[in-house]
Amino acid sequence: MDFKPIPIGVEDFKELVNKGYYFVDKTLMIKDIIDIKSSVNLFTRPRRFGKTLNMSMIQRYFEKTEEDNAYLFDGLNISKAGEKYKEYQGQYPVITLSLKSMKQSCFEDAFLLFKNIISKEFYRHKEILSSNKISEIDKKEYVSILEKTADNSQYLYALKLLSDCLKEAYNKNVIILIDEYDVPLESAYFGGFYDEMVNLIRSVFESALKTNPSLEFGILTGCLRISRESIFTGLNNLAVYPMTENLFSQYFGFTEEEVKEIVRFYNISNHFDELKTWYDGYRFGEIEIYNPWSILNYLLKAVTSK
């Protein structure tokens with residue numbers, strides 16, 4: 001058996017594959033997203049259950065880049081799902097944001113970090129500024145957001161602007177991925193500026209995710225389900241998949257069969273009963289789920305101490 005390193009803390013799907021880490025194959029999540037065709041999907045799960053890695057996997061599958069990323073999925077379940085799914089691979093511009101670092105103690109600092117996050121994503125797509133399909137007015141506004149010189153109000157619809165520009169440049173609808181959407185809201189609640197943060201997040205989400213003709217689909221992840229009355233008031237196209245739903249439940253955390261396969265692979269099947277006693281503590285829908293962070297840390301100690 002070739003030893004595979006254990007991916008503790010690895011959240012980039014491309015790094016995980018390229019460095020040969022052990023991977024519990026969750027790629028059929030991509031098939032379900034394609035089949036269900038929800039405009040905007042919200043997945044709520046606890047921390048350390050693979051949300052960020054799944055978002056990275058989805059980005060690598062759908063995003064059109066100069067470098068072909070198709071090899072990352074060779075031999076994985078999605079590559080065996082059928083030719084119709086391969087037609088989606090590497091075909092879309094993708095906007096991806098993580099809000100997990102927006103934990104500031106006041107709105108001014110949080111908004112400053114938000115501007116930095118948006119600016120970096122504009123910079124990642126800066127090649128579209130050379131396109132003659134984008135109007136000079138949009139290019140001027142694009143540059144002001146990239147350089148963080150835009151008025152604060154312009155950031156409320158910055159994602160909408162970016163999606164429109166990408167659509168114009170590539171003549172293809174855009175996928176929007178927003179990871180840990182609830183972190184700034186949770187921090188704002190405890191920091192005493194919740195109303196200001198709700199207004200910001202609601203405006204950003206509504207402009208980018210509601211009746212946006214440039215949108216192919218969107219995915220949000222978070223730990224908390226923030227009430228529809230606060231930030232999702234205008235999003236009538238939102239499909240919510242909480243822990244209580246069966247659909248998509250097997251894609252976050254490890255199922256019992258996946259844990260059994262892991263211990264078989266590392267030749268420590270005698271540890272399974274102990275793992276089950278300690279870490280079989282979750283049920284998503286009707287499926288027993290193990291905490292992957294706990295399993296991987298246990299695995300590292302068990303394998304290295306053999």
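Strands β3 and β4 run parallel to each other and are joined by five bridges, where two strands count as paired if DSSP finds at least two bridges between them. Helices (H or I, at least four residues) and strands (E, at least two) are DSSP runs, numbered from the N terminus. The model is predicted, so that local features need pLDDT of at least 70 and side-chain atom pairs count only at pLDDT 80 or more, while totals for chains, interfaces and linings use all residues. Residues are numbered from 1 along each chain as its sequence is written, and side-chain values use heavy atoms, with hydrogens and water left out.

**The parallel sheet**

- Strand β1 (residues 40–44) is parallel to strand β4 (residues 215–222), and five bridges connect the two.
- Along that pairing, L42 has L220 of β4 opposite it, and T44 likewise stands opposite G222 in β4.
- Strand β4 is largely enclosed by the rest of the structure, because seven of its eight residues are buried; buried means under 20% relative accessible area, exposed over 50%, and partly exposed in between, with a 1.4 Å probe and protein chains only.

**Helices on the parallel sheet**

**The antiparallel sheet**

- Three strands form an open sheet in the order β6-β8-β7, and their pairing is antiparallel.
- The edge positions belong to β6 (254–255) and β7 (282–284), each with a single partner strand, so one side of each is left without a neighbour in the sheet.
- Two bridges join β6 to strand β8 (residues 287–290) in the antiparallel sense; F254 has Y290 of β8 as its bridge partner, and T255 has I289 of β8.
- Strands β7 and β8 run antiparallel and are joined by three bridges, with F284 bridging to I287 in β8.
- A hairpin is formed by β7 and β8, with two residues between them, and G285 in the turn has a positive phi of about 65°.

**A pair of helices**

- Helix α11 (residues 272–279) and helix α12 (residues 292–304) have axes that come within 11 Å and cross at roughly 145°.
- The crossing of α11 with α12 is right-handed; a crossing is left-handed if the near helix is turned anticlockwise from the far one by less than a right angle, and right-handed if clockwise.
- On the side of α11 the residues E274, L275 and Y279 take part, and they meet S294, I295 and Y298 in α12.
- The residues of this contact divide into four nonpolar, one polar and one charged, where Ala, Val, Leu, Ile, Met, Phe, Trp, Tyr, Cys and Pro count as nonpolar, Asp, Glu, Lys and Arg as charged, and the others, Gly among them, as polar.

**Residues with positive phi**

- Most residues other than glycine have a negative phi.
- K148 has a positive phi near 60° and is not a glycine; K148 is placed in the loop between α6 (136–146) and α7, and counts as partly exposed because its relative accessibility is 41%.
- E180, which is also not a glycine, has a positive phi of about 55°; E180 lies in the loop between β3 and α8 (183–191), and is buried because its relative accessible area is 8%.

**Cysteines**

- The count of disulfides comes to zero, a disulfide being a pair of cysteine sulfur atoms within 2.5 Å.
- C106 counts as partly exposed because its relative accessibility is 24%, whereas C165 counts as buried at 1%.

Methods
Axes are lines fitted to C-alpha atoms, for helices over the stretch in contact, and angles run from 0 to 180 degrees between N-to-C directions. Contact means heavy atoms within 4.5 Å.
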